[in-house]
Amino acid sequence: MQILSLIAGCRNVAYNSLSAGKKKHREIENLAPHKRMEVKFVQSLAPPLIAAFVALSPLCDTPVSLGQTTADIQKGAILFSRSCIGCHDAGGNIIQPGATLFMEDLQRNGAATEEEIYRITYFGKGRMPGFGENCTPRGQCTFGPRLQDDEIKLLAEFVKSQADQGWPNNQIIQD
Ligand code: HEC
């Protein structure tokens, strides 16, 4: 499904149309609140995105592909909702308010590149545990399941792209 590749010039438009998926949420209102949040986040991200890309692709004359497909974004979103959302719900930071995943904080903290986000996710930082398979020292690493290198790559791409967009799924996650 390479035709679904992200198109730089269309990203904002595509993300804005995420709200089109809102009515779906009613179907999952009966789930437990925690589960509901996860399901909503992942579910609401994928279908409208795909729909938006298919619909908008012909309008965009920017050459295709930043190397990140909607499938990658979806995988990143799923990984994020599994491993990161507990502390970084909607791109925030419940432990350290000055270290959110919004661009302003990322830049101030020298973490605004995909490489740096990868490194922090792999090795951890301060009170954030590292998730890499060879994360060291042990005390700095998660006691839970580790992530594969390619999963951390997807996460770094996802976080960076969300930060670039100002975490556009915010409302969907929270409402
Ligand atoms: C246990 C809570 C916790 C979890 C889980 C967690 N983080 Fe963090 N994260 C933090 C804390 C605390 C910081 C601030 C660390 C510091 O600057 O000392 C942070 C910082 C970051 C930063 C740098 C933000 C900035 O503005 O400096 C990134 C990027 C990040 N986390 C990504 C992730 C990703 C991706 C995941 C999931 C794999 C994740 N985090 C899971 C607590 C967590």
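**Exercise 1. In what order do the elements of the protein chain run from the N terminus on?**

Solution. The model is predicted, so local features need pLDDT of at least 70 and side-chain atom pairs count only at pLDDT 80 or more, while totals for chains, interfaces and linings use all residues. Residues are numbered from 1 along each chain as its sequence is written.

Step 1. Helices (H or I, at least four residues) and strands (E, at least two) are taken as DSSP runs and numbered from the N terminus.

Step 2. The protein chain holds eight helices and two strands.

Step 3. Their order from the N terminus is α-α-α-α-α-α-β-β-α-α.

**Exercise 2. Describe the packing of α6 and α7.**

Solution. Step 1. Two packed helices are described by the angle between their axes and the distance between the axes. Axes are lines fitted to C-alpha atoms, for helices over the stretch in contact, and angles run from 0 to 180 degrees between N-to-C directions.

Step 1. The axes of α6 and α7 come within 9 Å and cross at roughly 125°. That angle makes α6 oblique to α7; angles under 35 degrees count as roughly parallel, over 145 as roughly antiparallel, 65 to 115 as roughly perpendicular and the rest as oblique.

Step 2. Residues in contact have C-beta atoms, placed from the backbone, within 7 Å. From α6 the contact takes Glu114, Ile117, Tyr118, Thr121 and Tyr122; from α7 it takes Ile152, Lys153, Leu155, Ala156, Glu157, Val159 and Lys160.

Step 3. These residues divide into seven nonpolar, one polar and four charged. Here Ala, Val, Leu, Ile, Met, Phe, Trp, Tyr, Cys and Pro count as nonpolar, Asp, Glu, Lys and Arg as charged, and the others, Gly among them, as polar.

**Exercise 3. Which residues of α6 are buried, and what do they pack against?**

Solution. Step 1. A residue is buried if 20 or more other C-beta atoms lie within 10 Å of its own, exposed if 12 or fewer, and partly exposed in between, with C-beta atoms placed from the backbone.

Step 1. The buried residues of α6 are Ile117, Ile120, Thr121 and Tyr122. They pack against β1 (124-125), β2 and α7.

Step 2. After α6 comes glycine 124, with a positive phi near 75°.

**Exercise 4. How many residues surround the ligand, and which are the closest?**

Step 1. The ligand is surrounded by 26 residues, of which the closest are Cys84, Cys87, Asn109, Gly126 and Met128.

Step 2. Elements that give two or more residues to this shell are α4 (85-88), α5 (103-108), α6 (114-123), β2 (128-129) and α7 (149-164).

Step 3. By class, the shell has 14 nonpolar, nine polar and three charged residues.

Terms used: Near = placed C-beta within 6 Å. Contact = placed C-beta atoms within 7 Å.
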